[in-house]
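Please read the following report alongside the sequence and the three-dimensional structure.

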Amino acid sequence: MTNPDRVAFSVFQRDIYWYGVLMALGIMIAVMLAMFEAKRKRMNEDTVLDLCLVIIPCGVVGARLYYVLFEIKQYLAGPWWKVFAVWEGGLAIYGSIIGGLLGMFIYARKRKIRFTKLADIIAPGLVLAQAIGRWGNFFNQEAFGLPVSNPDLLWFPFAVKIDVPWNGGLHYFNGVLCDNPFHMATFFYESMWCLLVFLFLWFLFRKRAKHDGDVFLCYIMLYSFERMFIEGLRGDSLWLVEGVVRVSQALSFLLFAGGLAFFLVRYFKEKQLGGALIWPAPEVIAEETETKTEAEEAETKKEEAKEEPEAEKETAAIVEANTKEAEEGAVATANEAQSEETAELQSAKDENKEL
């Protein structure tokens, strides 16, 4: 079993690693899928691009902050700049999800877009990006599982060989130097599970979901269900209680249990209401409301259009009446002037006769 080089290529004597290449590829595919889904939901595709400019950096910051917080003793020992040394490893997927969601929440509030709708749009692409990104762990020889001693199981993808030539061939499992180079390929197990979750969400569930947020919640439940078990096999976990409770296992259990409880409570609540959809209302209702509003606006415009000719007629009648009144006034004035002139002439004639 021979491991490939972790360096994909070099640019200006700078090594570009497969881990970064695969992460970038996963992100690009996730963005394209999100744009496709946004179009299906009648959203502007530029909205997705703007969203990605927010959630991607927020996800990176969240992934690093999450890792540093649970390894705080190591980073307090210094030097301080190690906190920012992401090139040395130390990014946690749950931290990335939390950071991205916070960024998306702020974006949704600013743009006045339903948060759960955005979450559904990114969920399928996100889990596919995870499936692709896990292969970066293969090239970096990390995120592996328990040692494998059975000679009949020393084959990929059940097991993977860890030789880490860049570290003098030394590797650790749960902080202890390990002399067995063969370990369970837990990165591969998770990659395949994420791929199955993507296929389920994309081809079977996303068009059948009745509520906004169901696709994302389903993704969280399915991923956390797998992570509860796979995390227990790994030797590089973050610990909530050293040697007792792993952070990702505890969080995965809470997410899965919480999601399942939510689905069940909502199901029985809707059953009591005779099938009415709640928590939250589905997007189709919002579309009907928007359509109704548009129809009302169109009706209002028609009524205004009908009222306009009548108003114009009234205005024309008023103008005509004013014009007629003005003409009559002018005629009367002219008649008065003529009568005065006639009277003056008659008076002059009478004076001449007297002379």
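Predicted model: local features only at pLDDT ≥ 70, side-chain atom pairs only at ≥ 80, totals over all residues.

Residues are numbered from 1 along each chain as its sequence is written, and side-chain values use heavy atoms, with hydrogens and water left out.

**Overall chain**

The chain contains 9 helices and 8 strands, these being DSSP runs numbered from the N terminus (helices H or I of at least four residues, strands E of at least two). Of its 355 residues, 34% count as buried; here buried means under 20% relative accessible area, exposed means over 50%, and partly exposed lies in between, with a 1.4 Å probe and protein chains only. The accessible surface comes to about 22200 Å², and 63% of this belongs to carbon and sulfur atoms, the areas being computed by the Shrake-Rupley method with a 1.4 Å probe, where for residues only the protein chains shown count as cover. Among contacts with a separation of 6 or more, 69% are made by residues 24 or more positions apart, a contact being heavy atoms within 4.5 Å.

**Salt bridges**

Side chains of opposite charge can pair when their charged atoms come close. The structure holds 9 salt bridges, each defined as a side-chain nitrogen of Lys or Arg within 4 Å of a carboxyl oxygen of Asp or Glu. The table gives three of them.

| Salt bridge | N to O distance |
|---|---|
| Arg-40 and Glu-37 | 2.7 Å |
| Arg-114 and Asp-212 | 2.3 Å |
| Asp-214 and Arg-266 | 3.0 Å |

Asp-214 in helix α7 and Arg-266 in helix α8 (residues 247–272) are 52 residues apart, and the pair links distant parts of the chain. Both Asp-214 and Arg-266 are buried. Elsewhere, salt bridges that share partners join Glu-37, Arg-40 and Arg-206 into one network. Glu-37 counts as buried at 2% relative accessibility, whereas Arg-40, at 33%, counts as partly exposed.

Arg-114 lies in the loop between α4 and α5 (115–140) and Asp-212 in the loop between α6 (186–205) and α7 (214–230), so their pair ties together parts that are 98 residues apart in sequence. Arg-114 is partly exposed at 31% relative accessibility, while Asp-212 is buried at 3%.

**Aromatic rings**

A search of the whole structure finds 27 aromatic pairs, counted when the ring centres of Phe, Tyr or Trp (its six-membered ring) lie within 6.5 Å, with planes under 30 degrees apart called stacked, over 60 edge-to-face and the rest tilted. The rings of Phe-225 and Phe-256 have centres 5.3 Å apart and planes at 45°, so this pair is tilted. Phe-225 belongs to helix α7 and Phe-256 to helix α8, and the pair links these distant parts of the chain across 31 residues. Phe-225 is partly exposed at 33% relative accessibility, and Phe-256 is partly exposed at 22%. For Tyr-267 and Phe-268, the centres are 5.1 Å apart and the planes meet at 75°, so that pair is edge-to-face.

Ring pairs also link Trp-18, Trp-135, Phe-138, Phe-139, Phe-156, Phe-187 and Phe-188 into a cluster. Charges sit over two rings as well: Arg-6 lies over the face of Trp-166, at 4.1 Å from the ring centre, and Arg-206, a member of the salt-bridge network, lies over the face of Trp-202 at 3.7 Å. The criterion is that NZ of Lys or CZ of Arg is within 6 Å of the ring centre and within 35 degrees of the ring normal.

**Surface patch**

Ile-27, Ile-56, Val-60, Trp-80, Trp-81, Phe-84, Val-86, Trp-87 and Leu-91 form a nonpolar surface patch with about 960 Å² of accessible area together. Patches are made of residues with over 30% relative accessible area and no salt bridge, like charges being joined within 9 Å and nonpolar side chains (Val, Leu, Ile, Met, Phe, Trp, Tyr) within 5 Å. Phe-84 lies in the loop between α3 (72–76) and α4 (93–111), and is exposed at 55% relative accessible area.

**Backbone features**

Most residues other than glycine have a negative phi, and most peptide bonds are trans. A cis peptide bond joins Gly-78 and Pro-79, with omega about -5°, and Pro-79 lies in the loop between α3 and α4. Another cis bond joins Trp-279 and Pro-280, with omega about -15°. Ala-143, in the loop between α5 and β3 (159–161), has a positive phi near 55° and is buried at 4% relative accessible area.
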